[in-house]
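Subject: Structure handover and notes

Dear colleague,

I am handing over the structure that you will find below. Please read the notes after it with the sequence open beside you.

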Amino acid sequence: MILTFVVRKILRILTAFLAGGLVFACMGAIYQAVAMRIDADRFLQRGKSFDASGLRLNLDCSGQGGPAVILESGLGGPALDWVLVQPEVAKFTRVCSYDRAGYGWSDVSRAPRTSLQIAKELKALLDSAGETGPFLMVGHSFGGYNIRLFTGRYPQDVAGLVLVDASHPDEAKRIDTILTPAQRAAQQRSEIWPRIAAPLQIHLGLARIALSLGWNRSRFLSKRLQQEFLYLEQRPNYQRAIQAEDASWEASGAQAVAAGSLGARPLIVLTAGRPYELDPLLTPEQRVQQDQIWIHDLQVEEMHLSSRGRQIIVPDSGHDMPQERPGAIIAAIHSMWSSLH
């Protein structure tokens, strides 16, 4: 009798919990849908759409002069990633940012999202928009692969490059050498939850609620810019575009290697002095090793891609340099732009 009563009590609690969760989920989904409709009126397209071999891609150009600067974002970065950099560069030359396929205001592409394919699409976009090289190419993180492929495929269109804490094909393998088997397994397990949580945060409006409560996603951006980023990142094709590029990560790295050296083109490698987020799985000694491998091994190797390469370490920057330390990027672009005259 007592056991039956306890079981019924537990069932009532579980039923109430599930019902409450369902109500919360429905309210969150409605809130998210209404907010997205409102944001669609608030945040209009920055730039214009051009046909790029059958794709409509968004290109945002400003300023006058040459050589023009082309800004290539990292994985997950729409053209808006350069919002703190582009206006300052536009004061001394023409500068363009763009949304890769699936990002921001650009169409989705069914083609593999490798750096080679992205470089082809960028070339088609620039040609369609009437932007002529040679360009000064700037690539952040994964964007570094893309501009290396662009240079290898269209060498006549590239006058110089700035790699902004750019990806290195051997990063995972080199960093993996400092981990124990237990740490590797723990890292793999820790990657599962974000993949599940990200879609839930979007569809239930949790990320939007957090921002409205003042839990800023970036201390470097105004509240309005944070809201604009959130709107772009919650458009239907965004997560699929990230997943497609991530799935092609190794192939893109191999393509970057196959593209070869940059010859004697001027190259600046901007390296974050704090490249990695604090990882509680690593010991203090391993964290130091991790930073050393990135700063003094992998990034130095990228500097040697050109016989005229040089490295600038930005000690107070994390990996997200376009938002954390845009001034360092602007200064590097201006330095190279001046040297090309």
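Predicted model: local features only at pLDDT ≥ 70, side-chain atom pairs only at ≥ 80, totals over all residues.

Residues are numbered from 1 along each chain as its sequence is written, and side-chain values use heavy atoms, with hydrogens and water left out.

Helix α3 (residues 115-129) packs against helix α4 (residues 143-153) at an angle of about 65°, their axes being 8 Å apart; helices here are DSSP runs of H or I with at least four residues, strands are runs of E with at least two, and both are numbered from the N terminus. Axes are lines fitted to C-alpha atoms, for helices over the stretch in contact, and angles run from 0 to 180 degrees between N-to-C directions. The angle therefore makes α3 roughly perpendicular to α4 (65 to 115 degrees, with under 35 counted as roughly parallel, over 145 as roughly antiparallel and the rest as oblique). On the α3 side the contact (heavy atoms within 4.5 Å) includes Ser-115, Leu-116 and Ile-118, and on the α4 side Tyr-145, Leu-149 and Arg-153 are among the residues involved.

Helix α4 also packs against helix α11 (residues 249-258), here at an angle of about 40° and with axes 9 Å apart, and the two are therefore oblique to each other. Tyr-145, Arg-148 and Leu-149 of α4 meet a set of α11 residues that includes Trp-249, Ser-252 and Val-257.

Turning to the backbone, the peptide bond from Gly-66 to Pro-67 is cis, with omega near 0°, and Pro-67 sits in the loop between β2 and β3 (69-72). A cis peptide bond also runs from Gly-133 to Pro-134, with omega near 5°, and Pro-134 belongs to the loop between α3 and β5 (135-140). Ser-53, although not a glycine, has a positive phi of about 55°, and this residue lies in the loop between β1 (48-52) and β2.

Lastly, the helix α2 (86-89), the helix α9 (223-233) and the strand β2 (55-62) each give two or more residues to the lining of the second largest pocket.

Best wishes
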